[in-house]
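Reader: I've got a protein model open and I'd like to go through it bit by bit. Can we start with the strands and then look at how the parts meet?

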Amino acid sequence: MSKTNAGRFFEDYTVGEVIEHAVPRTLSGGERAMYHALYPARHAFYSSDEFARDCGLHEAPLDDLIAFHTVFGKTVPDISLNAVANLGYAEGRFLKPVHMGDTISSRSEVIGVKQNSNGKTGVVWVRTTGSNHLGEDVLSYVRWVMVRKGNVDAPAPETVVPDLAGSVAASDLVVPEGLNFEGYNFAQAGEPHRLSDYKVGEKIDHVDGVTIEEAEHMLATRMWQNTAKVHFDATARDGGRLIYGGHVISLARALSFNGLANAQIIVGLNSGAHANPCGAGDTIKAWSEVLDVAETDAPGIGAIRLRLVAQKAEAEPFSLKGDDGKYLPGVLLDLDYWALMPV
């Protein structure tokens, strides 16, 4: 009997199955330091305990995407070890801030399967939930991934495609308990722009760019324990290692600080697509489009819905899709999310 795990293949998934992922992880200041070393992350709420206290919390939580990467990384050995590509996200909600000392675990429910016409791969949909050591859910999202078949002759399972919401309703967004932006310090945050300064349809070029290095990408995948072969093993795909999509998300989010410094806290993930592969040596830039704004019941706090696009530096600013409706070759990421901002 083999002692090693070759990972699951498409035919190994059953709709309704719940997978408890190994291994729980206790987070510390080390994750914050590494995150801020890997990405030019500067949002004040996650950088300063004093700023967070002035906003009603006892200390600065860990960056929202640290929570996302940690929860996501736990799922890789069971969901996407044999993936061809991670295809998209939906119905993501950040339910509770994650602090240093929290121990995070992940579980996933298989909610859909569909074999591709080539008979060699299929798409698997899962709803993943991350919880802390107190049993409190901190994050929930759906993702779908294209997975290889281990046996191409295995019969195709009955197709089940989940009916997913196009976006998270503003009324379903969770504002951290005690959060208050009435005394918000715009000078310390870095920009004067509040929610009322942004208009639906407005597009923002975040100006700055960053070149992805092989070494930092490998640090990121190891940091988040993302063991997908296409990220670790240069022989697993033609063209070398594929840059982990979460690495691109965090780089684009950090670049968005220039123009959206006060979009402090991600609370909803409406949809997301890794449009084209990214490799070491690519220089990426980012732009955002304001899709919606909403009120919350929390004092001084509103919500802004943003499309965040990461693209290669050589691509035209604000370019997204061609006349055929397909993403242009230079587009790497198309992410639709909600963030909290002072009104």
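Reader: How many bridges join S2 to strand S7?

Author: Strand S7 covers residues 265–274, and S2 and S7 run antiparallel. Strands here are DSSP runs (E, at least two residues; helices are H or I, at least four), numbered from the N terminus, and two strands pair if DSSP finds at least two bridges between them. For S2 and S7, the number of bridges is five.

Reader: Before we go on, what kind of model is this?

Author: Residues are numbered from 1 along each chain as its sequence is written, and side-chain values use heavy atoms, with hydrogens and water left out. Local features need pLDDT of at least 70, side-chain atom pairs count only at pLDDT 80 or more, and totals for chains, interfaces and linings use all residues, since this is a predicted model.

Reader: Which residue in S7 is the bridge partner of Ala90?

Author: Ala90 has a bridge partner in S5 too, namely Val142. S5 spans residues 137–148 and pairs with S2 in the antiparallel sense over eight bridges. Over in S7, the partner of Ala90 is Ser271.

Reader: What is the phi of Glu91?

Author: Glu91 sits in strand S2. In general, most residues other than glycine have a negative phi. Glu91 isn't a glycine, yet its phi is positive, at about 50°.

Reader: Where does Phe318 lie?

Author: Phe318 is another non-glycine with a positive phi, this one about 65°. Look in the loop between strand S9 (301–312) and strand S10 (331–342).

Reader: Which residue in S3 is the bridge partner of Arg25?

Author: S1 pairs with strand S3 (residues 103–115) in the antiparallel sense, over six bridges. For Arg25, the partner in S3 is Ile104.

Reader: Which residue takes a positive phi in the hairpin of S3 and S4?

Author: S3 and strand S4 (residues 121–131) are antiparallel and share 10 bridges, with Gly112 opposite Trp125 in S4. The hairpin has five residues between the strands. The one with a positive phi, near 75°, is Gly119.

Reader: How much area do domain 1 and domain 2 bury between them?

Author: Buried area is the accessible area (1.4 Å probe) that two parts lose on being put together, summed over both. Of the area here, 54% is on carbon and sulfur atoms. Arg25, His69 and Tyr89 supply 30% of what domain 1 buries against domain 2, more than any other three residues. The area between the domains is about 2100 Å².

Reader: How many salt bridges does the rule find across the interface of domain 1 and domain 2?

Author: A salt bridge needs a side-chain nitrogen of Lys or Arg within 4 Å of a carboxyl oxygen of Asp or Glu. By that rule, the number across this interface is zero.
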